[in-house]
Amino acid sequence: MVIKNVSLDIVCGIKSALPDTKRPEIAFAGKSNVGKSSLINSLMNRKSLARTSSSPGKTQTINFYNINEVMYLVDLPGYGYARASEEVKAQWGKMIERYLHSSKNLKAVFLLIDVRHEPSNNDKLMYRWILDQGYEPIIIATKLDKLKRSQVAKHVKQVKEGLDVKKGTRILPFSSVTKAGREEIWQLMDEILEETKEENLS
Ligand code: GTP
Ligand code: MG
């Protein structure tokens, strides 16, 4: 997609009602600090419209970015943010669950995993849970620039095996520093949007 205009349209807190945007939504889930907001900035060609931080727990609301008035990229709060209180963690968890469970317009869920590390128990739970909601999560292995080229295949395999992904699951390596993988992610999202259009016609 050629990005013409982007804006942060809707911000949902713990108590907000979730919106019916009436446009296809693609959501980005993953552990706190894995690079969800950075990825969304890269996809939008913006440096800092989505706020990022080197300390985890930056995004604490569900943020809907309007892309060209045709779709939304949805930035979710991260899970596993150790410094949040148990109560807050539980509330965020419920908010993410509520969104993934009830959005009428959600077309695909990308699950981000730091390519350097083995998926955590929370990552595994999230992967299974997204599957249980009826979505086939697409995995993005983030922070690719942190690995030497010779290490990449081994680490991608580690992510794949750690999550025990379903056969045929796409795993796309990505770096918001070098933008490697950006085109592939947009290509996949464009395909998803095309499929959505066809569904609406049939
Ligand atoms: P929460 O909002 O806390 O859930 O985190 P997030 O997943 O949105 O992560 P965010 O995009 O804020 O990035 C966290 C940190 O990782 C920031 O310091 C980013 O600059 C850094 N970061 C994100 N993506 C990359 C990447 O591809 N490579 C490198 N080297 N650093 C990255
Ligand atoms: Mg964030």
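Because the model is predicted, local features need pLDDT of at least 70 and side-chain atom pairs count only at pLDDT 80 or more, whereas totals for chains, interfaces and linings use all residues. Residues are numbered from 1 along each chain as its sequence is written, chains are lettered from A and ligands numbered from 1 in the order in which they are written, and side-chain values use heavy atoms, with hydrogens and water left out.

Helices and strands are DSSP runs numbered from the N terminus (helices H or I, at least four residues; strands E, at least two). Helix α3 consists of the twelve residues 121-132. The expected span of a helix is 1.5 Å times one less than its number of residues. For α3 this gives 16 Å, and the end C-alpha atoms are 16 Å apart, which agrees.

Within α3, the residues Asp123, Met126, Tyr127, Ile130 and Leu131 are buried (under 20% relative accessible area, with exposed meaning over 50% and partly exposed in between; 1.4 Å probe, protein chains only). They cover an arc of only 135° around the axis, so they lie on the same side of α3; the arc is that of the directions from the helix axis to the C-beta atoms. Asn121, Leu125 and Asp132, on the other side of α3, are exposed. The cover of the buried residues includes the strands β2 (25-30), β5 (106-114) and β6 (138-142), together with the helices α2 (86-102) and α4 (152-163). Gly134, which follows α3, has a positive phi near 95°.

Ligand 1 is surrounded by 22 residues, of which the closest are Lys36, Ser38, Gly57, Thr59 and Asp145 (a residue counts if one of its heavy atoms lies within 4 Å of the ligand). Polar backbone atoms also face oxygen atoms of the ligand: the distance is 2.9 Å for Gly35, 2.9 Å for Lys58 and 2.8 Å for Ser176. The protein covers 87% of the 650 Å² of accessible area that ligand 1 has on its own (Shrake-Rupley method, 1.4 Å probe).

Positive phi values also occur in two asparagines. Asn33, in the loop between β2 and α1 (36-44), has a positive phi of about 80° although it is not a glycine. Asn33 is partly exposed, with a relative accessible area of 33%. Asn45 lies in the loop between α1 and β3 (62-67), and its phi is positive, near 60°. Asn45 is exposed, with a relative accessible area of 54%.

How values were computed:
Contact = heavy atoms within 4.5 Å. Polar contact = N/O pair within 3.5 Å; in protein donor to acceptor, adjacent residues only side chain to side chain.
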